[in-house]
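The report that follows is meant for a reader meeting this structure for the first time.

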Amino acid sequence: PAPPSHPPHTATVAGVPVDTRHWIGGERIASAASPASATAATFTDHSPLDGAPLAEIARGGAAEARAAVAAARAAFPAWAATPPAERARLLHAVADGVEARIEDLAAVETADNGALLRSHRRGVMPRVAHNLRYFADRLLALAHDDFETRGHTNHVTWDPAGPAVLITPWNAPLMLASWKIAPALAAGSTVVLKPAEWTPLTASLFADIAHEAGLPAGVLNVVQGYGAEVGEPLVADPDVRRISFTGSVPTARRIAATAGAHLVPCSFELGGKSPLLVFADADLELAADLAVEQFDNAGQVCLAATRILVEESAREAFLGHFLDRVAKLTQGDPRDEATDIGPNIHPRHVERVDGFVRRALDAGATAITGGGRNTGLAGLAGLGGLGGLGGLGGNYYLPTLLTDVAQDSEIVQEEVFGPVLTLQTFPDGDEDEAVRLANDTRFGLAATLATGDRERADRVTARLVAGTVWVNCFFVRDLSAPFGGSRASGIGREGGDWSFDFYCDLKNTVTAP
Ligand code: NAD
């Protein structure tokens, strides 16, 4: 037979070779299909752009989970004892490696998760490097409190906690992984990362980059596979000291129950159903800009303000500005610079998004715009390069705005995670009702306000249940700020020193005079 055109265990995606195996203890490892079998267990990773298969990825199970945690445990003492300045230097070296490969990372991420190539290039991948640099520098600036009690000194230190399992979703794969990896490694903990099965590729490239930058073997491990097969044994492993999870509420419940058995601290960044409050005194052009921003990443953003709550007398004017903007949006291939909205992640996910919309329409909602798949794109040829189904496939969902929706309805209460917004009104001058509607879901991740009145902004903000409130802006994030959600949107806060709180065991040493 003809030799394979690429090395075994390598897939070429968007022209970039990607190793499809796990990265455990500084080695590439495939999953055996069974102890007796010579073939590897894999699963197929598809592109959301056009449904084309991209790679056969190692399919991890209990054996790989155990091996990865054991590797992280073995590497922990030396990494924890590595002087902070050296850990920081290595993180900056990894950031250099990321910056050198931004084009590759951006192209592979777009092929794998369908988000816009231009935002991966200019926003997301530079942000990955920034995450690494920020936490490297923050480590060196950590406060080591000293204070006195009746002549005794108290000395507070940040001890690395031990191996951390990091489990991430598909909507911003490497960005979200690096937001956990950077503080965990800076803190002196070692890491096992399990990327989402729908987007395994950039984590593998990142493992190469970290290795080439000189990160010691076992400090960062990457295992691939399904949550039920490799995620669960990772979470259940008694050698794990921290679990940081970003994903859905049902998965968080399962992880919390398992982690509870070992009393392992968990950080949970979960879903949302955040409001966008538009008061009649707002700049309504700005409010419309903020509303349209909620379609970014095809609506697959945990922080998205998907419930527009507008003061009755401003409804028509706001809606006019909003629809003008929606009419100018271009949906299509995310590799095209002109595209504003790409595909959703997976046919199963699109089906789920569409199910929410169908049920809302059946219950009496009106689609002011959108309301279904963008069928016009199915027959269009892609820009080439991925092969695929000969068209852009069925993952493209029209930017949708639904009105005539009841507060207690599914479409208002549940996270859709697609380009689907609802519009409700509150009576003129009734701030209480605006706040009541805003807070009336089980979530509490974020809220966005458009108002021209600073005092109103302060009054309303004080009453909102949300981890982040944006006033006349959206998605502006500083890594020094606490980030997380209230109620079902999460447990704990990361960012700044809060990340170090999580990945460290704080110790106070009291010394007699
Ligand atoms: P998901 O919970 O289905 O999966 C997330 C990860 O958990 C994947 O890697 C998956 O393989 C793994 N997993 C699944 N079952 C598991 C188990 N039993 N044990 C261990 N791991 C398991 O979520 P998703 O659909 O991939 O992600 C979308 C969700 O993530 C949305 O709800 C979104 O709001 C949320 N999200 C939150 C934030 C935030 O910062 N708050 C950011 C992005 C996404």
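Two residues are taken to be in contact if their C-beta atoms, placed from the backbone, lie within 7 Å. The structure is a predicted model, in which local features need pLDDT of at least 70 and side-chain atom pairs count only at pLDDT 80 or more, while totals for chains, interfaces and linings use all residues. Residues are numbered from 1 along each chain as its sequence is written.

Glutamate 64 lies in helix α1 (residues 62–81), where helices (H or I, at least four residues) and strands (E, at least two) are DSSP runs numbered from the N terminus. Leaving aside neighbours within four places in sequence, glutamate 64 is in contact with His22, Ile24, Ser31, Val223 and Val230. A residue is called buried if 20 or more other C-beta atoms lie within 10 Å of its own, exposed if 12 or fewer, and partly exposed in between, with C-beta atoms placed from the backbone.

Not counting residues up to four places away in sequence, glutamate 269 touches Thr246, Gly484, Gly485 and Gly490.

Isoleucine 345 is found in the loop between α10 (315–327) and α11 (347–362), and, apart from neighbours within four places in sequence, isoleucine 345 has contacts with Pro48, Asn113, Gly114, Trp170, Trp198 and Gln300.

| Residue | C-beta neighbours inside 10 Å | Class |
|---|---|---|
| Glutamate 64 | 29 C-beta neighbours | buried |
| Glutamate 269 | 28 C-beta neighbours | buried |
| Isoleucine 345 | 27 C-beta neighbours | buried |

Helix α2 (residues 84–100) has 17 residues, and the distance from its first C-alpha to its last is 24 Å, close to the 24 Å expected at 1.5 Å a residue; the expected span is 1.5 Å times one less than the number of residues. The buried residues of α2 include Arg87, Leu90, Leu91 and Val94, and the buried residues of this helix pack against α3 (102–113), α4, α5 and α6 (201–212).

How does the span of helix α5 (residues 173–186) agree with what its 14 residues should give? The end C-alpha atoms of α5 are 20 Å apart, and 20 Å is also the span that 14 residues should have at 1.5 Å a residue. Because 13 of the 14 residues of α5 are buried, this helix is largely enclosed by the rest of the structure. Following α5 comes glycine 188, whose phi is positive, near 95 degrees.

**The nonpolar core**

A nonpolar core is a set of buried Ala, Val, Leu, Ile, Met, Phe, Trp, Tyr and Cys residues joined through C-beta atoms within 7 Å. The largest such core has 150 residues, of which Leu91, Val191, Leu277 and Val278 touch the most other members. Helix α4 (residues 117–140) gives the most to this core, with 10 residues.

**Around the ligand**

The ligand is surrounded by 31 residues, the closest being Pro169, Gly227, Gly231, Gly247 and Gly271; a residue is near a molecule if its C-beta atom, placed from the backbone, lies within 6 Å of it. The elements giving two or more residues to this shell are α7 (227–236) and α8 (249–262), and α7 gives the most, with 5 residues.
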